[in-house]
Amino acid sequence: MNLKELYQEIILDHGKNPRNLRKTENFNKDAKGYNPLCGDKVHIYLKLNENKKVEDISFEGEGCAISMASASIMTDMIKGKEKNEVKEIINDFLEMIKEKDEIKTNLLKDDEKTKLMCLSGVKQYPMRVKCATLSWHTLTSAIDKSQNEINTESLEV
Amino acid sequence: MNISNIKKEFPIFDNKVHNNDLVYLDSANSSQKPRVVVDRIYDFYTKEFSNVGRSVHYLAVAATNLYENTRTSVQKFINAKDANEIVFTKGATEAINLVASTYGQSHLNEGDEVLLTELEHHSNYVPWHYLRKSKGIKIKFAEINEDGDITLESIEKKITPRTKIIGVTHLSNVTGAILPIKEITQFAHSKNIPVLVDGCQGAPHLKLDMQDLDCDFYAISCHKMYGPTGLGILYAKKKWLEKLPPYQGGGGMIGEVKKESITYGDLPNKYEAGTMATAQVIAFDESIKFLNKIGMVNVIKHEKELIEYGQELLRKNNSVKLVGNPKKKGAVLSFTIDGIHPHDIATILDEDGVAIRAGHHCCQILHDKLGLTSSARASLGIYNTRDDLDKLNSSINNCKKIFELK
């Protein structure tokens, strides 16, 4: 893994033109995430329907290419999933970022897995791991509404 | 000692970073250490170690003398009137906390105002914030002008009859702005207001003269001055150190201890409770000797030339924007690149061996004011060369290439 592989086309594309960078109308779940070390901020908005399915997900925020791409790719693949499925995908992603190379879950299509695996390269850059995980932790918080604001400094990864 | 060949005095440059020569541009964060300083720490621990100021055996006496030698060296280096005006602390942060805490406790009441500037590092804001919580004081901020400068006028504007102390940086760690400390002090003293100067960036890059600046307090970070970590210095006028209450209590700072009462030691012991960073203090003497051998005049000349060269390079580089445009600028080049986040810049530069810092540099107030969440910062030290700045520039170009910018 070298730098060029980390900053590959998919990351740059999503980093520069993030998908779902807006605010969901009538959202019923939301949470903010903040990385005090670099100032990266993200605000996730979710609309869960009565079957606990993600009808819409969006985010607002600013940050580096890695954090913006991560939030962009995440929101793209979470749409349409059920709450429990969302949690499974989050866990799988965080495990990949921590120690594994692959996305295992069957809930995602192969091309979606490939996109997520583009982010696995941040493992080589420990100071940047939090950039990739900020939006995912914030999504957990939005879904559970356990905490109002996620702060990367109080998290393990 | 010739500054053009100074890199070889720093062992760190014998190492490679990602198979590249190290281009170290993070000295505002912390400077690298010359061999003499590293060796001094080793020698002290292996041949001369003892605690200071307590025992009467041979090693203790010798170590105490070495420790006090550094105090005298610092006094001369900053031209303080008295060696007892030099207090060793664990860092500049502790030096500022010492002032905020002791001055706050004894001189500040509800509604009193502390005047800071928008350029301040968090370490010259947060300690005062505690007093806002505990004592109900107010904190005001002198505003920067469009160049990112703090002028005497911007200070004057915020002075009220309730202003009880002014805290200002000597040299901004973001814009590099050098503040007119002498003028600020003269003005403040005409209103009977004491001045605390955060000299973290001033001390390594400027010629210091406490008697000329006439400030009441000056905080120094030794690890930014080619010295060891874990050590700072508070310069304070003797009248303040005599008048203010002690900061921390413990061994070494006492006069007489009874069940009913305690008296405190004389200066400087009153402010040096517990076992101090002995080895660091003794090794710091080597940092001062090292700087004296080069001569601060030469340090200033060398860095001025480099900063002008660096500014020119970055100004010519499309899409690079310098943060602030102060009239007098010290060894800091903060910048942004449209379309690339500072953290991505720092990661890509790192791969080329170019070490910079990205983030808010502990100055969120300033970044908010400038409408930025973060910036990239290349900061200089005596070991930097034009070649380093050329490498910075070419690495920035590499960054732009990866991000497909022109």
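Predicted model: local features only at pLDDT ≥ 70, side-chain atom pairs only at ≥ 80, totals over all residues.
The domain assignment divides chain B into two parts. Domain 1 of chain B is formed by residues 3-26 + 295-402, and domain 2 of chain B by residues 38-292. Taken over C-alpha atoms, the centres of domain 1 and domain 2 of chain B are separated by 28 Å. Where these domains meet, 25 residues of domain 1 of chain B are in contact with 25 residues of domain 2 of chain B. On the side of domain 1 of chain B that touches domain 2 of chain B, two or more residues each come from α11 (296-316), β14 (332-337), α13 (364-370) and β17 (375-379) of chain B. Helix α11(B) gives the most to this side of domain 1, with five residues. By class, the side of domain 1 of chain B that touches domain 2 of chain B consists of 13 nonpolar, six polar and six charged residues.

Two packed helices are described by the angle between their axes and the distance between the axes. In chain B, helix α2 (residues 58-77) packs against helix α10 (residues 278-294) at an angle of about 45°, and their axes are 9 Å apart. The crossing of α2(B) and α10(B) is left-handed. From α2(B), the residues in contact are B:A63, B:L66, B:Y67, B:N69, B:T70, B:S73, B:V74 and B:F77, and they meet B:T278, B:V281, B:I282, B:F284, B:D285 and B:I288 of α10(B). By class, the contact of α2(B) with α10(B) has nine nonpolar, four polar and one charged residues.

A helix pair was also examined in chain A. The axes of helix α3 (residues 65-78) and helix α6 (residues 129-144) of chain A come within 6 Å and cross at roughly 40°. Helices α3(A) and α6(A) are therefore oblique to each other, and α3(A) passes α6(A) in a right-handed crossing. Residues A:I66, A:S67, A:S70, A:A71 and A:M74 of α3(A) make the contact with A:C131, A:A132, A:L134, A:S135, A:W136 and A:L139 of α6(A). Eight nonpolar, three polar and no charged residues take part in the contact of α3(A) with α6(A).

Also in chain A, A:M96 lies in helix α4 (residues 83-98). A:M96 counts as buried because 21 C-beta neighbours lie inside 10 Å, the cut-off for burial being 20 or more. Not counting residues up to four places away in sequence, A:M96 touches A:D101, A:E102, A:I103 and A:S120. A:M96 and A:G33 are 63 residues apart in sequence, and their C-alpha atoms are 20 Å apart in space.

The contact between the chains takes 13 residues from chain A and 13 residues from chain B. The side of chain A that touches chain B has nine nonpolar, two polar and two charged residues.

Backbone geometry was examined at several places in chain B. The peptide bond from B:L267 to B:P268 is cis, with omega near 0°; B:P268 is found in the loop between β12 (262-264) and α10 of chain B. Although not a glycine, B:N192 has a positive phi of about 60°. B:N192 is located in the loop between α6 (181-190) and β8 (195-198) of chain B, and is exposed, with 8 other C-beta atoms within 10 Å. B:E404, which is not a glycine, has a positive phi of about 55°. B:E404 is placed in the segment after α14 (386-402) of chain B and is exposed, with 10 other C-beta atoms within 10 Å.

Notes: Residues numbered from 1 in each chain as written. Chains lettered and ligands numbered in written order. Domains from an automatic or database assignment. Contact = placed C-beta atoms within 7 Å. Helix = DSSP H or I, 4+ residues; strand = E, 2+ residues; numbered from the N terminus. Nonpolar A, V, L, I, M, F, W, Y, C, P; charged D, E, K, R; others polar. Axes fitted to C-alpha atoms, helices over the stretch in contact; angles between N-to-C directions. Left-handed = near helix turned anticlockwise from the far one by under 90°. Buried ≥ 20, exposed ≤ 12 C-beta atoms within 10 Å, placed from the backbone. Parallel < 35°, antiparallel > 145°, perpendicular 65-115°, else oblique.
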